[in-house]
Structures are given as C-alpha cells and as structure tokens.
Amino acid sequence: MAAAEARIDVRRAAPGRLLLIAAALLFLGLFLVLPLLAVFVQALAKGVSAYVAAISDPMAWAAVKLTLTVAAIAVPFNLVFGVAAAWAIAKFEFRGKNTLITLIDLPFAVSPVIAGLIFILLFGSHGWFGGYLKAHHIRVVFAVPGIVLATIFVTFPFIARELIPVMQAQGKDDEESALSLGATGWQTFWRVTLPNIRWGLMYGVLLCNARAMGEFGAVSVVSGHVRGLTNTMPLHVEILYNEYNYTAAFAVASLLALLALLTLVGKSFLEWRQPELKHAARLAHDRTRREKT
Amino acid sequence: MSIALRGIAKQFGEFAAVKDIDLDVPTGALIALLGPSGCGKTTLLRIIAGLETPDEGQVLFDGRDATLWPIRDRNVGFVFQHYALFRHMSVFENVAFGLKVKPRRERPSSAEMRRKVQSLLELVQLGWAGDRYPAQLSGGQRQRVALARALAVDPDVLLLDEPFGALDSQVRHELRRWLRRLHDELHFTSIFVTHDQQEAIEVADTIVVLNRGRIEQSGVPGEVYDLPTSAFVHRFLGQVNELPVHLRDGRAYLGPIDISPAADVRTGDANNIALIRPHEIEIGPEGMGWPATVVAVRVIGPIVRLEVCAQGLPTNEPLEAEISRERYEGERFSVGQTVGLRFRRWQVYPASGAAA
C-alpha cells in the first residue's frame, strides 16, 4: 500500500523533487559508481591476459592470502568482543559503563597511523617489550601478528557500535521472560538474544570485515612492507602503483573491490532468503519507535 | 504456593522504590498491587519474581527463604505489559519454549509437548494460531499467547505486570473476566500489578494499594472502596468531591449542612476536608439541604452525571453527582436549574495528610 502510494508520488513529482532525485543520482554516480568503474576499466586496460597475469603473480596471491587470513582472525575476535561488550552495556547497569563506551570509541577517534605507531612503541625492537620478544625470537612488528593486532585495534568498535543501539532498543523483557521460563543464561543467549540481534550483528560483521580487508594506515606502519610476507592487498596496491605498474595495481584493487561487492551480495542474498526475518526486524523497529513516542 | 514479604526495601540510586513492605499472599489468592506510577508496585512484583534483589528483607515461598533464589528456580510465570513474545518464533514455539529448555531428563517427549502446547493454546482460545508469528496477532491475542507460554511450565505463582495496560478498553474488559475465570479453574496463586482501580476491583480477591513505596491499605475490594483509611486511598479508588469542613460552636459543617457528630473531626484542627463520591450526593428539589445550580448534565449509559455549583463554593469547582438514568428520566434536571444537595455518606480527613 505504502509502496504504491510512493510510486504515484514519484510519477506526479514536482520539478523540485525531480531535481533533488537527479542531484542525488548524479552525486552517487560521480563519487561511487564512476570510481568503481574506473578501477575495473583501468585493470582491464591492457586486456584480459594482462589482468590474469597481474593477479596470478605470486606476490599478489600472497597479499590476497594475508588479507583474508588477517580478516579471518580479526573479525571473529571482534565478533565475540563486540557481542559481549554490547550485551554488558545494553542489559546491565554497572560502574564505569561510560568509560567502557568511550574506550570502545577510541579507535574511531585515533588516526590509524597512530594506532600503528602504538604497536611499534610496544613491540618494536626499541619498544617496551622489544627486548623480551627479541630474546624469545618472537616477531610481532613487521610480521603477521603485528598486522593482526593493528587490524583488530582499528576494527574494534564496528560490531559493538552496531549492536549497542539495537540491544538497548529491544530492552530486557525477552531475556527476562526466557529466564522466568526456566532457561539458563546460555540458552537465553543462543535462543533469544542472538536471534533478536542477528541483523544488527550481520551489518556489524560486514562493516568490520570491509574495514579489516581495506585497512591501510595502521597496517602500513607495522607491516614493514616485506613483499610476499607482510604485504596485505591495500599495501600491495600502493607498492605496485608507486612502481608505475598501473595495470597490476588496478588489477589487485579490482580484486579488493570485488571482495567488498561479494559481501554486499551475500547480505542481499540472506535478506532475500529470509524475508520473514526482514519483516520481523522492521516490525521490531516500528514497535520500539512507537514506544518511544 | 503462599508468598510472604518481610521488611522488603529496594533503592535505585537515591530513589527509594519500596520501603519496609510486609505482605502475605495465601495459596490460591488473586491479588492486585494497585497504585499510581512510581509507587513501587512493579518493583515489588519483580522482587517476588527474582528479577530484582531487595536491599533489605526476605521473600518467603511457602515459608522458605527464597530471597536469593535465581528466577529460574522459583517456578513463577511472568507476564509483561508488552508481551515480550519471542518474535522470531511461531506462537507454538513460543509456548513450547519453557518445555524445550528443560534439562533432558525433565523434558517431555515431542508428542507430549505438542499435546500440551495445543491444549494450552486452546485454553487461551488460540488453538488455530500455532503456526502464526507474534507480529501477525492482535495485542489481545499476543497477551493470551504470553499467558499460555507462562502457564506451560506449570508455575506455582503467576505474576502479571500491567498485563492489559497496552490494550484497548473492550479487549481489556474481556481479558479481565477471562483471567478471573482462568484463575478460578486452575487455582494458582496470582499477583498482578495495575494502575487501574476498576481493573483491581473487578479481578482481584484482595487489593493492596501502594503509595510512595509503602502499602497504604490492603483488603477485599469492597472494603477498601467503602472504608478507605486515608485520603490517598479514597481518591485513588474512584471519583471524589472534596469539601472543606467548617467548625462552628463545636459542630462540624459542610456548607450549611451539619455533619456532627463526625467522629473524625478533631475540633482543634480547623483544616479538615470531607471526601464524597459522586453517587453519595443526593440531588433533590430546591429547598432541600444545600442550594446549588446545575451547570452541566451528561448522560453516560445507565447513569447521569450532574455538575452542580453549591452556594458559597467557588464556581470553577463544581461538585460531581451521579444519579440513575431512571431518576433522571423522571425529574429532568436541566442546566441552570436550582436544586438542593444532601450527602448520603462522607469521610473526613485532616487536610495536611490529604495532599499525599
């Protein structure tokens, strides 16, 4: 019903409205679609064979693998942390809650370069724990562990930030009624809380994953740029670009863009497969909004 | 199961939600906790459920100290104002939830579970709705599902927090009567919270009136309504008219009407007020009692409400009187007419405590 009305409105739209829609589309095209297209056009500029050669280069492959590995560690870690933090903040009252919220936001406030420098300061050869690590032959900085740490730090807030408002809006009634029906805390979490937040959680994971794969600044500081060993995809793209190897640079960049597009397609697929969930999520949203007014 | 509260107190920051509450709920009773918002009624219910821990005092279940029992060991059914149905589960799964989360050895077989859930759904007249999702049901239906879900675990006590507060008045009325019948059939102990005095009077065996975290009065509905022990309870349980009591020569007057000997009137205290319910005001022909002018007439189904300005009282505070429709049909009081007032009953309170 509402959709039908909206369609009629657009057809009879006043010139002002058409102008606004056109401006929005133009803006989107100019700043989102065009650059994305440019990446693929540039990547394929010297033909498909050059593209295939560029992305099958062992160094490029190593970068892809490292990026996926880092994301595969950082995202689950932040998933567990984000759910735990949001649960604590939304459902309980405790001293120091505001401090915790501020701390969660810290990685957003701090420049990624500084985030990287923090780890150099802590684990670098002249850092606080540098001597100990060297004595035990553990490499953190300029190695994979440093990259993982920096990525976790930078992507820390995404899932918690996505979940806190969702959980706060839902309140405690559902959990309390599960407990009163005899469920244990664990059963309540898996059967009631988690299904209630699954959409928020998924968006959080998507954002976190996108950032984990795309992070440049912090990772650049701690990686040391060892080709084939500590270069993630964004770093590899930069190196290739600086070497005037445009085709290869854009080929790897297109892979990175493709990964991002894949996550979006995955999200749409889930929404399409489970329309009743989308419906339920929207209803829940409406309900909380109604109760607030 | 009988429930007893002994010296319960609970503070939220600076705010004392309940103070020094003693209450006995015998097995099988249906009790209403009644009071304005912020009076502590919900906090008290949540303390009984185990959703809050009291700062002081004890909660006794059948005489055993249950103060620190976790909620899942108390075997209470809790019904929330906003239903709190699990929206990702069908109605059937909602009702079955309490059975499914039982430890394996206590869990009924799936056939038994299906039979039990179906019979509960039929009990709440929703036998057809098992496959629906909560979002597809009306408010009244959702609350019935919530009740069926709470009953599925065979609770000893049913606790309801403003269960009908979010429903429209027609549905509310039906559900009240239905809850009362259900209680009479199943004989569990029930405590429900409401701010609606009519709901409390209609449904409960015993009303407990709370104000500012304390129990003001408790008793059977008729008794609390007819013999309120404080001006607060008198006001809260229905419409009232308030009149100042004048003392002259050792006698007490409401306007020109001598109400002596009024036992409650302390002759030394000049600040007494009388509270009179609309149906306790008698309207008669001019010349009877206290002269007054009719300023409004409103026919409300079986009763007729008259607003009258009594002589000598500020005209912006007319008194409300109720007479039967039959009487009104006979006498046809009209706006502007002069009538006489008499009071069938009144109750006098010191004005100082009356502000509460």
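1. Helices here are DSSP runs of H or I with at least four residues, strands are DSSP runs of E with at least two, and both are numbered from the N terminus. In these terms chain A reads α-α-α-α-α-α-α-α-α-α-α-α-α-α along its sequence, a total of 14 helices and zero strands.

2. On conventions, residues are numbered from 1 along each chain as its sequence is written, while chains are lettered from A and ligands numbered from 1 in the order in which they are written. The model is predicted, and local features need pLDDT of at least 70, side-chain atom pairs count only at pLDDT 80 or more, and totals for chains, interfaces and linings use all residues.

3. Chain A is assigned domain 1 (1–43) and domain 2 (46–292), with bounds that come from an automatic or database domain assignment. Contact between residues is taken to exist if their C-beta atoms, placed from the backbone, lie within 7 Å. By that criterion, five residues of domain 1 of chain A meet eight residues of domain 2 of chain A. The side of domain 1 of chain A that touches domain 2 of chain A consists of four nonpolar residues, one polar residue and no charged residue. For these classes, Ala, Val, Leu, Ile, Met, Phe, Trp, Tyr, Cys and Pro count as nonpolar, Asp, Glu, Lys and Arg as charged, and the others, Gly among them, as polar.

4. Two totals describe chain A as a whole. Of its 293 residues, 33% are buried. A residue is buried if 20 or more other C-beta atoms lie within 10 Å of its own, exposed if 12 or fewer, and partly exposed in between, with C-beta atoms placed from the backbone. Among the contacts in chain A with a separation of 6 or more, 74% are between residues 24 or more positions apart.

5. The contact between the chains takes 16 residues from chain A and 20 residues from chain B. On the side of chain A that touches chain B, α9 (173–180), α10 (185–214) and α14 (275–292) of chain A each supply at least two residues. The most comes from α9(A), with six residues. By class, this side of chain A has eight nonpolar, five polar and three charged residues.

6. A nonpolar core is a set of buried Ala, Val, Leu, Ile, Met, Phe, Trp, Tyr and Cys residues joined through C-beta atoms within 7 Å. The largest has 105 residues, and B:Ala32, B:Leu33, B:Leu159 and B:Val208 have the most contacts inside it. The element that gives the most to this core is α4(B), with six residues. A second, separate core has 56 residues, including A:Ala71, A:Ile147, A:Ile152 and A:Ala249.

7. In chain B, an open sheet of six strands has the order β6-β7-β8-β3-β9-β10, with mixed pairing. Two strands pair if DSSP finds at least two bridges between them. The edges are β6 (76–79) and β10 (214–219) of chain B; each has a single partner strand, so one side of each is left without a neighbour in the sheet. From one strand to the next the twist averages 15 degrees. Four bridges join β6(B) and β7(B) in the parallel sense, and B:Val76 stands opposite B:Val157 in β7(B). Across β6 and β7 of chain B lies α4(B), at about 165 degrees to β6(B). Axes are lines fitted to C-alpha atoms, for helices over the stretch in contact, and angles run from 0 to 180 degrees between N-to-C directions.

8. Strand β1 (residues 3–12) of chain B pairs antiparallel with strand β4 (residues 56–61) of chain B over five bridges, and B:Ala9 stands opposite B:Glu56 in β4(B). Seven bridges link β1(B), also antiparallel, to strand β2 (residues 15–25) of chain B, where B:Ile21 stands opposite B:Ile8. The hairpin of β1(B) and β2(B) has two residues between the strands, and B:Gly13 takes a positive phi near 60 degrees in it.

9. B:Gln125 has a positive phi near 60 degrees and lies in the loop between α3 (110–123) and α4 (139–151) of chain B. For B:Asp154, phi is positive and near 50 degrees; B:Asp154 is in the loop between α4 and β7 (157–161) of chain B.

Terms used: Contact = placed C-beta atoms within 7 Å.
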